[in-house]
Amino acid sequence: MAANQPRRGRRVEHKLFAMKRHLMLAGIGLIVGLVVGLGYTWLISPVKYVNTAPTSLRADYKTQYIQLVAGAFAIEGDVTRAQTRLALLGDANVNQTVTALAQQLAASNSDPEMVRSLTALAEALNTASPVPAVSAVSPSAASPTPPEATLTPVPSSTPYLLPTHAPTATPLGEFGFVGKELVCDANLQPPLIQVVMLNSGGEQIPGVEVVVEWDGGFDHFFTGLKPELGRGYGDFTVTEGVEYAVHLAASPSAAVTELAVETCPNTGGTPFPGSWLLTFRQP
Amino acid sequence: MSHTSRFVLIFSVALGLALGIYIGWIASPVQYTDTSPVSLDERYKDDYILMVATLYSEEGDLPAARARLSVLGFDDPAQAVAAATHRLIAAQQPEADLRRGARLASALGVITSEMQPYLP
């Protein structure tokens with residue numbers, strides 16, 4: 001009995017050693033397999049997405065898409081259709097995105113027609129009723145056995161984005177200069193030239209291009225890019241000591257000249273530069 | 001190497017491989033969040049083409065239309081526009097849309113019998 005114990009002990013040791021070796025082999029094998037598998041699926045043959053929706057587009061393509069929607073809206077006048085198209089971007093704040101894009105293009109002196117289209121679209125979106133959210137198409141993987149993407153129907157008939165009846169835009173006509181008013185607001189700094197465009201009914205009009213000129217320079221802006229201040233509101237920052245002339249791109253005869261920053265009194269405080277509020281109206 | 005060791009090694013490599021493929025293709029596949037219009041679903045491409053056609057109908061600027069269509073990655077944009085127009089016709093979409101699609105396809109050099117009724 002005593003003679004068998006060392007042999008039994010060696011057998012147990014041998015089994016332990018074998019188990020450790022197998023565990024080590026299993027661990028190494030698992031890691032090697034994992035690395036090869038991940039390397040193949042992430043690098044050599046990654047999943048290719050097809051049948052994507054506009055929500056997955058890169059930012060610059062989304063910008064192009066929004067401009068297309070704005071351009072089509074300017075022609076069709078169908079805000080519901082534009083809303084449905086924009087809903088596909090999956091942007092909860094798409095109205096603000098459109099407005100911001102219009103402001104950005106206006107600031108960079110880009111295509112005035114596109115700025116007008118975007119401004120008009122932003123205005124229409126702000127006043128239209130929201131459409132139900134549209135779920136994006138789930139991208140389907142191209143390999144090895146791609147699952148079928150389930151599609152949530154767009155809220156119109158199949159599968160295209162149908163137009164709806166919409167009022168046609170009122171064409172811009174001649175504007176007349178109504179008057180100017182010195183705005184003394186100490187919080188309104190730096191001073192501005194503020195412009196408000198009204199139609200014949202007294203309603204504010206967005207998308208009107210305003211040109212500001214001064215000795216040695218000029219610039220322009222559009223009304224409606226700050227809807228929180230009014231649909232037909234636009235403004236331009238001015239500098240003290242410079243004389244400005246303001247006219248409308250569409251109505252050059254409606255011009256206001258010799259506009260310069262004037263000082264506002266401030267009882268008990270330091271005088272501050274005032275702003276000018278110009279009002280234009282269609283007859 | 002013993003049979004058991006060999007079996008353990010092969011089995012664990014296979015298991016690791018299967019796990020890697022599962023993770024790489026299903027659990028955590030490469031995410032293409034910044035896709036291009038080339039990968040858009042056909043229905044969204046058709047609507048994209050329709051918007052380009054709408055702008056073309058107003059502007060008449062064919063190079064601009066071509067440039068807008070180029071992001072969709074078609075080998076033959078003219079045929080793609082014609083095919084999209086055919087699908088719009090088959091789906092009985094509004095005539096204004098069909099006219100715009102047909103006009104753009106025609107300007108790009110493709111006129112088919114289906115489009116004929118919608119051309120000036």
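This is a predicted model: local features need pLDDT of at least 70, side-chain atom pairs count only at pLDDT 80 or more; totals for chains, interfaces and linings use all residues.
Local features need pLDDT of at least 70 and side-chain atom pairs count only at pLDDT 80 or more, while totals for chains, interfaces and linings use all residues. Residues are numbered from 1 along each chain as its sequence is written, with chains lettered from A and ligands numbered from 1 in the order in which they are written.

**Interface**

In chain B, 43 residues are in contact with 43 residues of chain A (contact: C-beta atoms, placed from the backbone, within 7 Å). Helices and strands here are DSSP runs (H or I, at least four residues, for helices; E, at least two, for strands), numbered from the N terminus. On the side of chain B that touches chain A, α1 (3–27) and α2 (42–59) of chain B each supply at least two residues. The largest share, 16 residues, comes from α1(B). By class, that side has 24 nonpolar, 12 polar and seven charged residues (nonpolar: Ala, Val, Leu, Ile, Met, Phe, Trp, Tyr, Cys and Pro; charged: Asp, Glu, Lys and Arg; polar: the others, Gly among them).

**Helix pair in chain B**

The axes of α2(B) and α5(B) (residues 95–108) come within 8 Å and cross at roughly 80°. Axes are lines fitted to C-alpha atoms, for helices over the stretch in contact, with angles from 0 to 180 degrees between N-to-C directions. The two helices are therefore roughly perpendicular to each other (65 to 115 degrees). Residues making the contact include L50(B) and V52(B) of α2(B), and R100(B) and L104(B) of α5(B). The contact residues divide into five nonpolar, three polar and three charged.

**Nonpolar cores**

A nonpolar core is a set of buried Ala, Val, Leu, Ile, Met, Phe, Trp, Tyr and Cys residues joined through C-beta atoms within 7 Å; buried means 20 or more other C-beta atoms within 10 Å, exposed 12 or fewer, and partly exposed in between, with C-beta atoms placed from the backbone. The largest core has 76 residues, and V69(A), I193(A) and V52(B) are among those with the most contacts inside it. α2(B) gives the most to this core, with nine residues. A second, separate core of five residues includes V47(A), V13(B), I21(B) and W25(B).

**Backbone details**

The peptide bond from Q189(A) to P190(A) is cis, with omega near 0°. P190(A) sits in the loop between β3 (176–183) and β4 (192–198) of chain A. Two residues other than glycine have positive phi:

Methods:
Two residues are in contact if their C-beta atoms, placed from the backbone, lie within 7 Å. Angles under 35 degrees count as roughly parallel, over 145 as roughly antiparallel, 65 to 115 as roughly perpendicular and the rest as oblique.
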